[in-house]
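Open the model in your viewer and keep the selection tool at hand. This tour goes from one side-chain contact to the next.

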Amino acid sequence: MKVEVEPVVSRARQARRAPRSTAGPLIPPDASLRQLAAAAKSCRACPLWKKGKQTVFGEGSVKAKVVFVGEQPGFEEDRAGKPFVGPAGKVLDKGLAAAGIARDEVYVTNIVKHFKWEPKGNQHIHKKPNASEVAACRPWLEAELEEIQPTVLVCLGATAAQALLGRDFRVTQQRGQLIPSPLARYVVATVHPSSILRAPDQESRHREMNLFIADLKKIARVVQVVS
Ligand code: URA
């Protein structure tokens, strides 16, 4: 009897060969932000839809000159269906107010639009999205940016910065640099607001908050000069 032997292919090679699922085919052509948000509700481009309660799409003005992009919704955002409404969102709001930027004049979104978490007791512990989840979700962000055409795209934290500016990008060394990009006139990175909350003591929290506000003030000045 002839036995068919399947070629041995490593898992890593299989993963490289397998077509990666992305949200691309779900994007309706020429869609408004509202239509994009509606289409994203049923996104299954990566397995995170099983984890999050709902898709948390971006929110804000289509006329925004500045778009802020974070990593992924957290627990409160997952519940509310809105980005940056939890503790990190409060820090962002405080920074925006100090820099004279009105939140309702900007657009706020995330690189990944579902909450990735792991259970720990009865808590939901945030888990960083991996490269294929980031890649799967990216077409949504690109569609948002195409619709808004911002002057400045602000990456909040390393996940967003490395996804949009390259894996070698270091927020600690390159924050505040204005980088021309096809995504927006300039892309710039600053810290994620939650890193300010994680600072070890009040003095360093205060210092980090002031640096964050300084980055936001610079962004406000750029928008004034360029627009
Ligand atoms: N952290 C993020 O990166 N995005 C949110 O929307 C909330 C917290």
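Begin with R138, which counts as partly exposed at 26% relative accessibility. The term covers values between buried, under 20% relative accessible area, and exposed, over 50%, with a 1.4 Å probe and protein chains only. This is a predicted model, in which local features need pLDDT of at least 70 and side-chain atom pairs count only at pLDDT 80 or more, while totals for chains, interfaces and linings use all residues. Residues are numbered from 1 along each chain as its sequence is written, and side-chain values use heavy atoms, with hydrogens and water left out.

E142 and R138 form a salt bridge, with the closest N and O atoms 2.7 Å apart. A salt bridge here is a side-chain nitrogen of Lys or Arg within 4 Å of a carboxyl oxygen of Asp or Glu. Both residues lie in helix α5, 4 residues apart, or about one turn of the helix. Helices (H or I, at least four residues) and strands (E, at least two) are DSSP runs, numbered from the N terminus. E142 is partly exposed too, with a relative accessible area of 36%.

Next, select R175, E208 and D215. Salt bridges that share partners join these residues into one network. The structure holds 9 salt bridges.

Go on to K113 and E144. Their closest N and O atoms are 3.0 Å apart, and the two form a salt bridge. K113 lies in the loop between β3 (107-110) and β4 (117-120) and E144 in helix α5 (residues 131-148), so the pair ties together parts that are 31 residues apart in sequence. Are K113 and E144 buried or exposed? Both are buried.

K113 lies over the face of F57, at 5.6 Å from the ring centre. For a charge to sit over a ring, NZ of Lys or CZ of Arg must be within 6 Å of the ring centre and within 35 degrees of the ring normal.

What does the ring of F57 pair with? The count comes to 2 aromatic pairs. One of them is F57 with W140, edge-to-face, at 5.9 Å centre to centre and 85° between the planes. Rings of Phe, Tyr and Trp (its six-membered ring) pair if their centres lie within 6.5 Å; planes under 30 degrees apart count as stacked, over 60 as edge-to-face and the rest as tilted. Both F57 and W140 are buried.

Last, select K51 and W117. The charged end of K51 sits over the ring of W117, 5.3 Å from its centre.
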